[in-house]
Amino acid sequence: MSTQSKEQQQIGFLSLCYHYIRPDNDDPFSRLMGTKITEFKNQIKMLKEKFEMISLDDVLEFINAKIFENNKYKMLLTFDDGLSEHYNAAKILKQFDIKATFFIPTCILKERLPANPMIIHYVIAKYGIEKFLEEFRYALKKLGLEIKKYDITYVREDNDVWKKIAEIKYNFKYKLGYKISREILLHIYQNSLLIEYPNILEIIHLNKEQIHEMLEMGHRIGVHTHTHISVAATSLSDSDFFNEIVFPKKYLEDEFNVPIKSFSYPFGERKDYLSSMRFLNKTKEYDLAFTVEEIVNFGNTPLEIGRYQPMSHDNVRTLENNLSNIIKKNIL
Ligand SMILES: [Zn+2]
């Protein structure tokens, strides 16, 4: 047996986390931010050229063996949020012979309700911030909550739109609390999107048949909590933790008859994910957990696997640059 050279030992894998993949033209929700489909295809071509594309099964093998076959950096593609357009992405990737992993919030299948952030994105994209906040206040009133205490004000002339949207998202993620956030968002959803589009769930999210087909194409699925919460920033009772993190694994396993080994932290930043140790103290159900730390993964922290999130403004060139910077940062 030959000994591994130092360089060989340093080869790791990168991972990408895609979200919205939107049509090039005539998008009925044109204000949704995401990677355009043609741009997506170009990025895949570049990735296939620059990296050796690997699957979730390859990652699991690597975690055990700690060694990759050659000196080329590896790349695992992942998709968060169980979005309907991932069905198309899965078909495109099959043409490229790439096996990706799709992380699903299980509320979209079990209760047939959208995940939290998608309600915010779609309502604001379709009706604007004013309408969203109007429905928000109406929900607060219905739930018997003090409007003054939770209110978010928006004056089109004075406020930056993007900062205001960030503030709204921040409030739902970190300030309103787990149960109230969900109740308010469902209320907004039922009073706006669901009335105008009775089939809105299928417009936003994947359905069971599509997921079955994606599995048949050779892709894998994993858990993205039940309703899409910040796991570390939300104070969860033991039963909430079970419902959001443990139950979804059993649900997907029963529903699709596949072993579920991976988990992706919603939002995925430092304040949203648990350290490997804390996660293991709470559950031993998962072999892999994914964050959005921009790192090269060497297999030593399988419960904190980092990913780069391609942004809507990323193109082939910026994506390639950003990935090579991540690699450079990890070598130095
Ligand atoms: Zn997500």
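This is a predicted model: local features need pLDDT of at least 70, side-chain atom pairs count only at pLDDT 80 or more; totals for chains, interfaces and linings use all residues.
User: Start with α7 and α9. What angle do they pack at, and how far apart are the axes?
Analyst: The angle is about 25 degrees, and the axes are 11 Å apart. α7 covers residues 129-142 and α9 covers residues 161-175.

User: Roughly parallel or oblique?
Analyst: Roughly parallel. Angles under 35 degrees count as roughly parallel, so the label follows from the angle.

User: Which hand is the crossing of α7 past α9?
Analyst: α7 passes α9 in a left-handed crossing.

User: Which residues make that contact?
Analyst: From α7, Ile129, Phe132, Leu133 and Phe136. From α9, Val161, Lys164, Ile165, Ile168 and Phe172.

User: What span should α9 have, and what do its end C-alpha atoms give?
Analyst: At 1.5 Å a residue, 15 residues should span 21 Å. The end C-alpha atoms of α9 are 20 Å apart, which agrees.

User: You mentioned α10. How do its axis and that of α7 meet?
Analyst: The axes of α7 and α10 cross at roughly 120 degrees and come within 9 Å. The two helices are therefore oblique to each other. The crossing is right-handed.

User: Which residues of α7 and α10 meet?
Analyst: α7 brings Phe132, Glu135, Phe136, Tyr138, Ala139, Leu140 and Lys142. α10 brings Ile184, Leu185, His187, Ile188 and Asn191. By class, the contact of α7 with α10 has eight nonpolar, two polar and two charged residues.

User: New pair. What about the packing of α4 and α13?
Analyst: α4 (residues 86-95) and α13 (residues 208-216) pack at about 15 degrees, with axes 10 Å apart. They are therefore roughly parallel to each other. α4 passes α13 in a left-handed crossing.

User: Which side chains' residues meet there?
Analyst: His86, Tyr87 and Ala90 in α4 meet Gln210, Glu213 and Met214 in α13. The contact of α4 with α13 has three nonpolar, two polar and one charged residues.

User: Where does threonine 225 lie? Buried or exposed?
Analyst: Threonine 225 lies in the loop between β7 (220-223) and α14 (238-256). Threonine 225 is buried, with a relative accessible area of 0%.

User: What about phenylalanine 267 and its phi?
Analyst: Phenylalanine 267 has a positive phi of about 70 degrees, and it is not a glycine. Its place is in the loop between β8 (262-264) and α15 (276-282).

User: What is the relative accessible area of phenylalanine 267?
Analyst: It is 21%. Buried means under 20%, so phenylalanine 267 counts as partly exposed.

User: Now glutamate 202. Where is it, and what does it contact?
Analyst: Glutamate 202 lies in α12 (residues 200-204). Leaving aside neighbours within four places in sequence, glutamate 202 is in contact with Ser84, Arg112 and Asn207. Glutamate 202 is partly exposed, at 41% relative accessible area.

User: How far is glutamate 202 from phenylalanine 62?
Analyst: They are 36 Å apart in space, C-alpha to C-alpha, and 140 residues apart in sequence.

User: Last one, lysine 48. Which helix holds it, and what does it contact?
Analyst: Lysine 48 is in α2 (residues 37-50). Beyond neighbours within four places in sequence, lysine 48 is in contact with Met53, Lys72, Phe96, Asp97 and Ile98. Lysine 48 is partly exposed, with a relative accessible area of 38%.

Terms used. Residues are numbered from 1 along each chain as its sequence is written. Side-chain values use heavy atoms; hydrogens and water are left out. Axes are lines fitted to C-alpha atoms, for helices over the stretch in contact, and angles run from 0 to 180 degrees between N-to-C directions. Helices (H or I, at least four residues) and strands (E, at least two) are DSSP runs, numbered from the N terminus. Angles under 35 degrees count as roughly parallel, over 145 as roughly antiparallel, 65 to 115 as roughly perpendicular and the rest as oblique. A crossing is left-handed if the near helix is turned anticlockwise from the far one by less than a right angle, and right-handed if clockwise. Contact means heavy atoms within 4.5 Å. The expected span of a helix is 1.5 Å times one less than its number of residues. Buried means under 20% relative accessible area, exposed over 50%, partly exposed in between (1.4 Å probe, protein chains only). Ala, Val, Leu, Ile, Met, Phe, Trp, Tyr, Cys and Pro count as nonpolar, Asp, Glu, Lys and Arg as charged, and the others, Gly among them, as polar.
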